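Work through the exercises below with the sequence and the 3D view open. Try each task before reading its solution.

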Amino acid sequence: MDKRNVVIIGNGIAAAIALAEAKKTGGSDVALSVIGKEEFGPYPRPKLPELVSGSLSSSFFKTNSIASGEHAYYRDPVISLDAEKKELLLKSGRTIHYDTLIIANGSVPNALDVPLSGLSGIMHFRTVADAERIISNVDENCTSVLIIGAGVLGLEAALAIKKRKNIDVTVVEGREYILPVQLDQEASLFLESLLVEKGLTFKKGVSLIEYRSGDGENLSSAVFSDGSEVNCTLSLEAIGVRPDTSPFKSSGISINRGIVIDDRAETSVKDIYAAGDVAEFDGKCPGLVSFANMTARVAGINAAGGDARLVLPSSSAFMKVDDISFYSLGARNGYSRCVEKKDGKRYERYFLSEGDILLGTIGIGSESNMTKALAMIGKKFSDSILSWD
Ligand SMILES: Cc1cc2nc3c(=O)[nH]c(=O)nc-3n(C[C@H](O)[C@H](O)[C@H](O)COP(=O)(O)OP(=O)(O)OC[C@H]3O[C@@H](n4cnc5c(N)ncnc54)[C@H](O)[C@@H]3O)c2cc1C
């Protein structure tokens, strides 16, 4: 019997997990191939800040690929999909046939559309190559850095650069407080105070309207909506990502913001699955590792002939910025009272309904109560959880 030919597009976390699950499910009945745009196999993208800070070297990413297929085509991105012929066209002109396909080519960073946005020194942070560009700018001539966007990526990048070289790092956030998606204002101000202690500067409630250059080519400053101008030789734009659906636009698969998948991680076209940042489930494209893990596991199993369904956890996020962990679990609206505890390094806030049922929680500085809090959501709150000193 011919082997089932499972082809995976992408060399990120979702591709690696889908590959491992397809291998486990299909065993010797499947042949697995991976196609990647970068020059090597899947690597853990959340570790990139450690490359920028200097704690890890590029060889860690280039040699510690977390998976490989029987056939691997790197540095050769997919440029189109013919779903009727079940065939992919790569940039090199090579065509690849599949029986089942997993699309896991991730997302691309959003870029600001402002005057002089093409200057040298304006960067994004997604790949090893991006990290290497940031490092050489910081090491060579950088005196002052702007980070645009105080989300998780922006904060991680800011601390990594500060650790690498003790220069001015200013984080700019359009809204009134940092990490507006994950935290409420009080928790956000607490986290900000920890980050200020680490040497970061914050500029909030303004947007960047224009870049400027001293010599015509290199970035020298940025101008903001409040009229202020900040000198900088590097501006790192961390203003979110969008699913990279471009190679599949004319393939006939249903695309909304991302590639739409059902609870089997299958797209609108039979035998084509999608996972990770490129996928949209239930109207959402979270752009998080937890979503990539879950969708890739289900896509890998189903593409290899198994049967698995997506069960996404209720809204939860856990992140670590340098050595500061923080989490946001469950709901933060519709509560009738809050219980809060903090010291100089740690902060927890619990959102309770009438009858003291725990709806959600936020924690900063320590993750030791996270599992207990998760188990308590939807149940009666017990203040024994506050007994830390
Ligand atoms: C610096 C950084 C830190 C992060 N930290 C966290 C964190 O702490 N917690 C968290 O939850 N999330 C974090 N994220 C987000 C997380 O990394 C992503 O959600 C996750 O990587 C998504 O995995 P993916 O495999 O879907 O996509 P990606 O990791 O983006 O992988 C997609 C791969 O496909 C390749 N590709 C693209 N187009 C093609 C093509 N046409 N043909 C072939 N290959 C292609 C790309 O080159 C890429 O290697 C971070 C992201 C970054 C950049």
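In strand 24, the bridge partner of Arg-337 is Leu-352. This is a predicted model, in which local features need pLDDT of at least 70, side-chain atom pairs count only at pLDDT 80 or more, and totals for chains, interfaces and linings use all residues. Residues are numbered from 1 along each chain as its sequence is written.

**Exercise 1.** Find how strand 23 is joined to strand 24.

Solution. Strands are DSSP runs (E, at least two residues), numbered from the N terminus. Two strands pair if DSSP finds at least two bridges between them.

**Exercise 2.** Describe the hairpin of strand 21 and strand 22.

Solution. Strand 21 and strand 22 pair antiparallel over 6 bridges.

**Exercise 3.** Is strand 22 mostly covered or uncovered?

Solution. A residue is buried if 20 or more other C-beta atoms, placed from the backbone, lie within 10 Å of its own. By this rule 5 of the 7 residues in strand 22 (324-330) are buried, and the strand is mostly covered. Strand 22 is also joined to strand 25 (358-364) by 5 antiparallel bridges. There, Tyr-327 stands opposite Gly-363.

**Exercise 4.** Give the strand order of the open sheet and identify its edges.

Solution. The 5 strands have the order 21-22-25-24-23, with antiparallel pairing. Strand 21 (316-321) and strand 23 (337-342) each have a single partner strand, so one side of each lacks a neighbour in the sheet.

Conventions. Helix = DSSP H or I, 4+ residues; strand = E, 2+ residues; numbered from the N terminus. Buried ≥ 20, exposed ≤ 12 C-beta atoms within 10 Å, placed from the backbone.
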